[in-house]
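Here's a quick look at the aromatic side chains in this one. Have the structure open while you read.

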Amino acid sequence: MGSDARSESDLPIQPLYDGSALEGFDAGAELGAPGQFPFTRGVYPTMYTGRPWTMRQYAGFGTAKESNERYHELVNAGTGGLSVAFDLPTQMGYDSDEPVAQGEVGKVGVAIDSIDDMRTLFQGLPLDKVSTSMTINAPASTLLLLYQLVAAEQGITGDQLTGTIQNDVLKEYIARGTYIFPPRQSLRLISDIFAYCHKVLPRWNTISISGYHMAEAGATPAQEIAFTLANAKEYVRTAIAAGLDVDDFAPRLSFFFVARTTLLEEIAKFRAARRIWARIMRDEFQARNPKSQMLRFHTQTAGVQLTAQQPEVNLVRVALQGLGAVLGGTQSLHTNSYDEAIALPTPKAARLALRTQQVIAYETDVTKTVDPFAGSYVMESMTDDLEAATLELIQAVEDRGGAVAAIEQGFQKSEIEKSAYRIAREIDDQERTVVGVNKYLLDVEEPYEPLRVDPRIEIDQCERLAALRKERDNDAVERALGTLRAAAQGTDNVLTPMGEALRQRATVGEVSHALRDVWGVHVPQDTF
């Protein structure tokens, strides 16, 4: 029986699957038991039958005070983990009063310039009881150290802190652009973070290797997994080359994927990714600790699939995306608000997004059994197909010399752009239906009042920075930054002097500029 249907990864989908689809399928080798190699069925034996995934809400806007108020609302509403959004200057390692930051302060996240802002951001929150995920990459070390310093002021030790920094710079060169330093210097900084956290913050997830942003840029599910795992291999090699034992840092690696509305392929994607990573870690890197072989991941629903037209329809999209992530075995989940295609979410929209997860967890039966799709003709066939396509792409990266060399050649970016163009053309030609965009339109869109960021925020943030520089011991700050530069020029771990500079109230921008002085900045090649 033939079919013209294709998956998001451009793989064929049959109208009917039967036993012939699994001819030669070895369930013992390909599935195993939940919580056991190759972890296809999930990284924990009981998965959600004991407790659900961590329900996160990505929040942060304007000032640290406003964001702190939102975090208290989320915790009171039942959120078990916080996901912090930083504004663009913070993500790029600039202070709010620098000319390049003008007009962007507090726009897409919270502005954090110093320990004073971080103290305000987490005031009154139980940092030893909540898990905090920070979406920060190039200056990840700086924000993590600020978090540690604020926790210490609350009497909380490093071994009590749990959470994740994204810290995945390679995907920034591929799909997102918030890089600072050249790739190889960025890898040096990441290996320093691994070593520091192994000693000081042993429960912290030191990196969240992200396919999400590549998917948002147009990567297919197969590309999302392949390029993410290829980047992960580069990080593992870098850490090993720096003298770290694979089983000392690999258990703290975590991943970050998207969940699209194409439910079946997304479930298959997550299952295939676990299986591939387990074999990479065991067979290529000789990891012996089962925790080193586990692919633990956070999922965020697909922002790129949300529409400004008929935004309430996004509630349905997000529910399906979230369901796919849960059926695929995610460890934590953020569900987007229905209005995010228009502006920052309103409090009501953010609450509805969290309620979506709570309905899936407590009003459906999908948490009552582990990996409910295991053994399905269609699911196992799609998982195998995705695995094969992903391995082919990983090999293409390896053939170019690994992730960094392939990035320098523009390979991943070019492949993603081709996929994005294909999808855009299909939407324009109405070969792909997007409800409310190219089919089932309204004659007149209903009015919507978005959340707006007060322009006074930038002025206030700059005034606070001016006061900070007047109040602090600037000589102590300069000495600490000098020590940081010396460590960056040599081989010492830069996080120790960086932490001292931040304790002396050096700013995020000053720390980043100190490293820029030594390492330079990344300038994209023409192939990008």
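## Aromatic rings and their partners

Phe39 sits at 1% relative accessibility, so Phe39 counts as buried (under 20% relative accessible area; exposed is over 50%, partly exposed is in between, with a 1.4 Å probe and protein chains only). Phe37, at 25% relative accessibility, counts as partly exposed. Keep in mind that this is a predicted model, where local features need pLDDT of at least 70, side-chain atom pairs count only at pLDDT 80 or more, and totals for chains, interfaces and linings use all residues. Residues are numbered from 1 along each chain as its sequence is written, and side-chain values use heavy atoms, with hydrogens and water left out.

Searching the whole structure turns up 15 aromatic pairs. Rings of Phe, Tyr and Trp (its six-membered ring) pair if their centres lie within 6.5 Å; planes under 30 degrees apart are stacked, over 60 edge-to-face, and the rest tilted. Two of them look like this:

| Pair | Centre to centre | Plane angle | Type |
|---|---|---|---|
| Phe37 and Phe39 | 6.4 Å | 75° | edge-to-face |
| Tyr212 and Phe256 | 4.9 Å | 5° | stacked |

Phe255, Phe257, Phe270, Trp277 and Phe297 make up one aromatic cluster.
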